[in-house]
Amino acid sequence: PEATSVHWHGLAIVNSMDGVPGLTQPDIEPGGSFTYRFEVPDPGTYWFHPHHGLQLERGLYAPLIVDDPDEHVAVDSEYTLVLDDWLDGTGTSPSAEFERIRQLGASMGDTGDMSGMNHDMGGMSMATSPLLGGDAGDAVYPYHLVNGRPASDPVTLDPRPRPGDRLRLRFINASGDTAYRVAVGGHRLTVTHADGFPVEPVEVDAFLIGMGERYDVVITVQSGAWPIVALAEGKGDRGGAIIRTADVQPSEVALDAAELEGRWLRYADLAAHQKARLEPPAEVTAIDLRLTGDMMRSNWAFNDLAFADLDPIEVVAGQWYSLNIENATTMWHPIHLHGHTPQLGDVAGGVRKDTVNVLPGDKVKMVFQASNPGKWMLHCHNAYHLESGMAALVSYRSES
């Protein structure tokens, strides 16, 4: 019953198909239709979702897996796992939660009293995590899902693998306000792809995945039943799924893994595979941006200006740029650029990522060539921060 659209997250497709209403297309009105036609430019793990209000928070999304005709990672089976935080229909809704956060933040700003903030549905989450630089999120969720199922009723991967099989697990974080620390009990993970693009393989125990990010990992599964654990970072809750090999009988599996406390993946561990490396020139044009705002005023923005008031960031086709993004807030933000997959200019390996977690006080450099003309969104993938206006426009202009 609502207008909507479809954004193809991570795919650098033609601008007119990017799915941002009012920018690249009109709203798809109730009862209406819009046909998306585009050439898929890159293989990898992607997903699609609306760019319209808080519809993403109500579950309107799905994975999009693009097979690589020149695949260099050999596996026996692969599975896609979608992580999500969930509150819709549990006595509240995303829009009600957004308003609750705004009202509670405003009341705290007026009184300076934080005593009402707690982990129940009546207060702010106060979730904290050193991995995220402090505040881990504002919204409160009763459920954390993996492939639509809560921790009390986890999905078992199907078909069941054989002992010794190499499994490719494609993880997508479709949540609105939660980063997940992910591990597989009894196994180490070999990370092979980040945001769809291949990386030089790196072995870790766990990884942190922010909203909009994707990671592909490979494991050689041992005989038994093993938990895939998605710990809601800083929030004390979790979701999960089960890997059960074909040679064992069904049994209950605890959603816990010692590997969650082991070596976890950092951006500095990632180096772009030769198939994915960019070769920027020594000098690129720097564009400095600050992430600003706070929870009390819900005034999340770039350079202290909400999207409607911010002038477009202009680029010229063919030239190279570095978006130097500094986080001047006390909360982390997963920043997503449409239409391009930049490389991280401050990471030696030049990993390609379209969504980058920027921690409080940190700065990241997203280096890209302006090679896909159009008007492209740059925004925080926290659903409530985007709804507050934490977005900018990257717009191509003629060189003259």
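**Ground rules**

I number residues from 1 along each chain as its sequence is written, and side-chain values use heavy atoms, with hydrogens and water left out. Since I'm working on a predicted model, local features need pLDDT of at least 70 and side-chain atom pairs count only at pLDDT 80 or more, while totals for chains, interfaces and linings use all residues.

**Entry 1: strand β2**

I started with β2, residues 44-49. Strands here are DSSP runs of E, at least two residues, and helices are runs of H or I, at least four, numbered from the N terminus. Five of the six residues of β2 are buried, so the rest of the structure largely encloses this strand. Buried means under 20% relative accessible area, exposed over 50%, and partly exposed in between, with a 1.4 Å probe and protein chains only.

Next I looked up its partners; two strands pair if DSSP finds at least two bridges between them. β1 (residues 7-9) runs antiparallel to β2, joined by three bridges, and W8 sits opposite F48 in β2. β3 (residues 62-66) is also antiparallel to β2, over five bridges, and there W47 faces P63 in β3.

**Entry 2: strand β9**

β9 covers residues 166-173, and seven of its eight residues are buried, so it too is largely enclosed by the rest of the structure. With β4 (residues 77-86) it pairs in the parallel sense over seven bridges; I noted E78 opposite R168 in β9. With β14 (residues 214-220), β9 pairs in the antiparallel sense, also over seven bridges, and L169 stands opposite V217 in β14.

**Entry 3: salt bridges**

I count a salt bridge when a side-chain nitrogen of Lys or Arg is within 4 Å of a carboxyl oxygen of Asp or Glu. By that rule I get 25 salt bridges.

I looked at D88 with R58 and found their closest N and O atoms 3.3 Å apart. D88 is in the loop between β4 and α1 and R58 in the loop between β2 and β3, so this pair ties together parts 30 residues apart in sequence. D88 is buried at 17% relative accessible area, whereas R58 is partly exposed at 47%.

E97 and R100 come to 2.7 Å between their closest N and O atoms. Both are in helix α1, three residues apart, about one turn of the helix. E97 is buried at 1% relative accessible area, and R100 also counts as buried, at 17%.

R181 and E233 meet in a salt bridge at 2.9 Å, N to O. R181 is in β10 (residues 180-184) and E233 in the loop between β15 (225-232) and β16 (238-244), so they tie together parts 52 residues apart in sequence. Both R181 and E233 are buried.

I also picked up a network of salt bridges linking E71, E78, R168, R170 and D216.

**Entry 4: the cavity**

On a 1 Å grid over the protein atoms alone, a cavity is a set of points where a 1.4 Å probe fits but cannot get out, and lining residues have an atom within 4 Å of a point. I find one cavity of 30 Å³ or more, and the largest cavity holds about 50 Å³, the volume being the space filled by probe spheres set on the points. Its lining is F98, I101, D138, M295, S298, W300, Y384, H385 and S388. α2 (383-388) and α1 (94-111) each supply at least two lining residues, and α2 gives the most, with three.

Technical notes
1 Å grid on protein atoms, 1.4 Å probe; cavity = no way out; pocket = protein on both sides within 12 Å on 5 of 7 lines; lining within 4 Å.
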